[in-house]
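Student: Hi! Could you help me read this one? I'd like to go through it piece by piece.

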Amino acid sequence: SSGINAESQSGRYLTSEEKSFILQWTEDGKTQAEVAKLLRRNKATISRFLKRYKATGTLAASPKPGRPRFFTARDDRSISRAYKFNRTASTRSLNGILESNDGLGMSHMTVWRHMKEMGAKKRVLKKAVVIRKPNVIKRLRWVKARSRWTVELDWKCYIFSDECSVQLGRKNSQVVLWRTDEEKDRPHLHPSHHQKIVCSMFWGCVSYNGVGPSSLYGVP
């Protein structure tokens with residue numbers, strides 16, 4: 001295991017750890033294509049780094065084009081703290097919070113760019129699937145008891161059914177919040193419950209042979 005994050009690193013500068021792996025794997029005889037696949041990087045990125053390393057003999061990155069950053073790492077931490085305490089706030093609102101709390105005068109687009117660099121994006125709030133502990137134990141026991149079942153002798157003999165409620169005449173509300181990809185499964189970023197008004201119910205089933213009939217009932 002290389003210890004590299006499994007998620008794609010496209011669009012980000014090579015880290016010191018990645019540079020060390022590139023040199024190590026290249027010395028071990030791996031091709032640039034193989035190294036790029038292991039790091040989930042573009043092959044051209046690996047090639048450019050190796051050419052620069054041969055020319056300079058150092059792992060230091062080359063000077064970046066454009067205007068240097070005006071804000072410091074401390075300012076980045078302030079932005080990170082602001083959005084984590086105000087997940088659903090707009091960039092304009094975050095701009096006002098940063099100005100009043102930390103004295104940071106920046107445009108809302110600057111806030112957005114900094115948050116993008118940190119990996120924070122606007123995401124639709126995931127719906128929490130609440131399963132009580134007794135039901136978790138029952139489901140696990142049910143799965144383990146059927147772990148050796150086969151399709152021909154067992155599963156073909158069963159029908160699975162389910163029902164769902166649908167709200168009619170009411171717009172579904174979505175909550176959008178700031179989070180990074182690594183934070184998507186954190187419980188405190190999920191809604192605790194949703195109040196629903198049942199207007200109609202659908203029932204359906206499925207088996208090995210295909211989808212069964214569906215039924216609509218409970219329409220007021």
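**Helices, cores and a few residues**

Tutor: Happy to! α5 and α6 are roughly perpendicular to each other, a label for angles of 65 to 115 degrees; under 35 counts as roughly parallel, over 145 as roughly antiparallel, and the rest as oblique. Before we go on, this is a predicted model: local features need pLDDT of at least 70, side-chain atom pairs count only at pLDDT 80 or more, and totals for chains, interfaces and linings use all residues. Residues are numbered from 1 along each chain as its sequence is written, and side-chain values use heavy atoms, with hydrogens and water left out.

Student: Good to know. At what angle do the axes of α5 and α6 cross?

Tutor: They cross at roughly 100° and come within 8 Å. Axes here are lines fitted to C-alpha atoms, for helices over the stretch in contact, and angles run from 0 to 180 degrees between N-to-C directions.

Student: And which residues meet there?

Tutor: From α5 you have Thr91, Arg92, Leu94, Asn95 and Leu98, and they meet His108, Val111, Trp112 and Met115 of α6. By type, the residues of that contact are five nonpolar, three polar and one charged. Nonpolar covers Ala, Val, Leu, Ile, Met, Phe, Trp, Tyr, Cys and Pro, charged covers Asp, Glu, Lys and Arg, and the others, Gly among them, are polar. Contact means heavy atoms within 4.5 Å.

Student: What about α4 and α5, how do they pack?

Tutor: Their axes are 10 Å apart, at an angle of about 120°. That angle is why α4 and α5 count as oblique to each other. On the α4 side are Ser78, Ile79, Arg81, Ala82 and Tyr83, which meet Leu94, Leu98 and Asp102 of α5. Those residues split into five nonpolar, one polar and two charged.

Student: How big is the largest nonpolar core?

Tutor: The largest core holds 13 residues, and Tyr83, Leu94, Leu98, Met106, Val111 and Met115 have the most contacts inside it. Two or more residues come from each of α4 (73–85), α5 (91–102) and α6 (108–117), and α4 gives the largest share, three residues. There is also a second, separate core of 11 residues, with Leu14, Val35, Leu39 and Leu50 among them. A core here is a set of buried Ala, Val, Leu, Ile, Met, Phe, Trp, Tyr and Cys residues joined through side-chain atoms within 4.5 Å.

Student: Is Val111 buried or exposed?

Tutor: Buried, because its relative accessibility is 0%. Val111 sits in helix α6 and touches Thr91, Leu94, Asn95, Leu98 and Met106, leaving out residues up to four places away in sequence. Val111 and Leu94 are 17 residues apart in sequence and 7.6 Å apart from C-alpha to C-alpha.

Student: Switching topic: how do α1 and α2 pack?

Tutor: Helix α1 (residues 16–27) and helix α2 (residues 32–39) pack at about 145°, with axes 10 Å apart. α1 passes α2 in a right-handed crossing. Glu18, Ile22, Trp25 and Thr26 of α1 make the contact with Val35, Leu38 and Leu39 of α2.

Student: Where is Arg40, then?

Tutor: Arg40 is in the loop between α2 and α3 (43–56). Its phi is near 55°, a positive value in a residue other than glycine. Arg40 is partly exposed, at 49% relative accessible area.

Student: Last one: what does Val206 touch?

Tutor: Ile159, Phe160, Val211 and Gly212, not counting residues up to four places away in sequence. Val206 belongs to strand β4 (residues 200–207) and is partly exposed, at 38% relative accessibility.

Notes: Buried means under 20% relative accessible area, exposed over 50%, partly exposed in between (1.4 Å probe, protein chains only). Helices (H or I, at least four residues) and strands (E, at least two) are DSSP runs, numbered from the N terminus. A crossing is left-handed if the near helix is turned anticlockwise from the far one by less than a right angle, and right-handed if clockwise.
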